[in-house]
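This report describes an interface between two chains and then one residue site. The structure comes first, the text after.

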Amino acid sequence: MSAIYILDRVKLRPGQLQAYQQTLREGYLPGARKRGMELIGSWTTPPVEVAEGNELVTLWSLPSIESFWAMRAGSGAPELATWWEESDRLVESRERKFMTPAEIS
Amino acid sequence: MRLVALVHLRREPSPARLADLEAVVAGLPDEVSAVRRVHLGKHLPGCVGGGHYTLDALVDGGDANAVLGAPSLRDLVDAGDVVERLDPVAFEPQHVSIAEPAIENCVKRTLFLRVFPETPADVVEEFERVIMAMPDHIDAIRNWACSRTDPTAVPTSWTHVWEQEYADKSGLEVDYMMHPYHWGLVDGWFDPECPQRIVDLVVAHVYCPAAETILGWK
């Protein structure tokens, strides 16, 4: 079984890019790593902060389906629910997609 | 009408009282004329949140309480030394697919879940559509049923029952759990980290052996 990738696309409220990056780094990333999620990268678009609000795209990976379910076993933790509730105040909308590698050549 | 009750046992009931439970359930069709079929399945290791047995019953008419109110079962539960509680739901069969009616020595899996009451109706329907498409992708699901519970028949906070029958345990533990349709499309409805999530964290996920189909009962 190949790796599983998790793609987060977060449309931020205007002016919240820095605050969201900070809470993601300090409030989410350590716990995510403990649950086996590896941060592949994080990007913002447009590539400069704009008044309308930016989108933050974050890509995570898990090495296997077993590690996916191990990660999910911790996703109901109350402190995680609190983090999502608080960070969602900075967010207009978001989505989380689950992916596997695709061959295109 | 179908009734599915999860049986939660007292801590360490005696083997004799467990035998009493099994005998009482087996005798329900003789005791209550409306009870057409009954099955008591002991849960296999790996179940979560659903007690120790699944009691399935098929009842003529709409009175699921014919099962729960049977004197022998009532007496056994009231005695308090073997059954801690029953967690029952009842419903008329709704979405059922029996691809293998002659299945033998199978594994029957039952999932009780609660969709949040504020969920819009069209979103609930989309969730049900996604769930019911699982057998299109996961061949190990031989027979299945997806049902909304009827709390007017038997009071419950569970909103849905999602049942499947597999040829063996690996159909559930490997084919079902590991399939990308499951973790990639279905699980997000249950995952508190996903914005589309509409299902309460507390579910009852149980499975038991069955000598023949239960979902295909007529």
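How many residues of chain A are in contact with how many residues of chain B? Contact, meaning heavy atoms within 4.5 Å, joins 20 residues of chain A to 14 residues of chain B. This is a predicted model, in which local features need pLDDT of at least 70 and side-chain atom pairs count only at pLDDT 80 or more, while totals for chains, interfaces and linings use all residues. Residues are numbered from 1 along each chain as its sequence is written, chains are lettered from A in the order in which they are written, and side-chain values use heavy atoms, with hydrogens and water left out.

**Interface**

| Item between chain A and chain B | Value |
|---|---|
| Buried area | about 1400 Å² |
| Share from carbon and sulfur atoms | 62% |
| Salt bridges | four |

Buried area is the accessible area (1.4 Å probe) that two parts lose on being put together, summed over both. Trp69(A), Arg72(A) and Phe98(A) supply 39% of what chain A buries against chain B, more than any other three residues. A salt bridge needs a side-chain nitrogen of Lys or Arg within 4 Å of a carboxyl oxygen of Asp or Glu. Arg35(A) forms one with Glu193(B), with the closest N and O atoms 2.9 Å apart.

**His43(B)**

His43(B) sits in the loop between strand S2 (35-42) and strand S3 (53-59) of chain B; strands are DSSP runs (E, at least two residues), numbered from the N terminus. With a relative accessible area of 11%, His43(B) is buried (under 20%, 1.4 Å probe, protein chains only). A polar atom of the His43(B) side chain lies 2.9 Å from the backbone oxygen of Gly51(B).

Note on methods. Helix = DSSP H or I, 4+ residues; strand = E, 2+ residues; numbered from the N terminus. Buried < 20%, exposed > 50% of the residue type's maximum accessible area, 1.4 Å probe, protein only. Polar contact = N/O pair within 3.5 Å; in protein donor to acceptor, adjacent residues only side chain to side chain.
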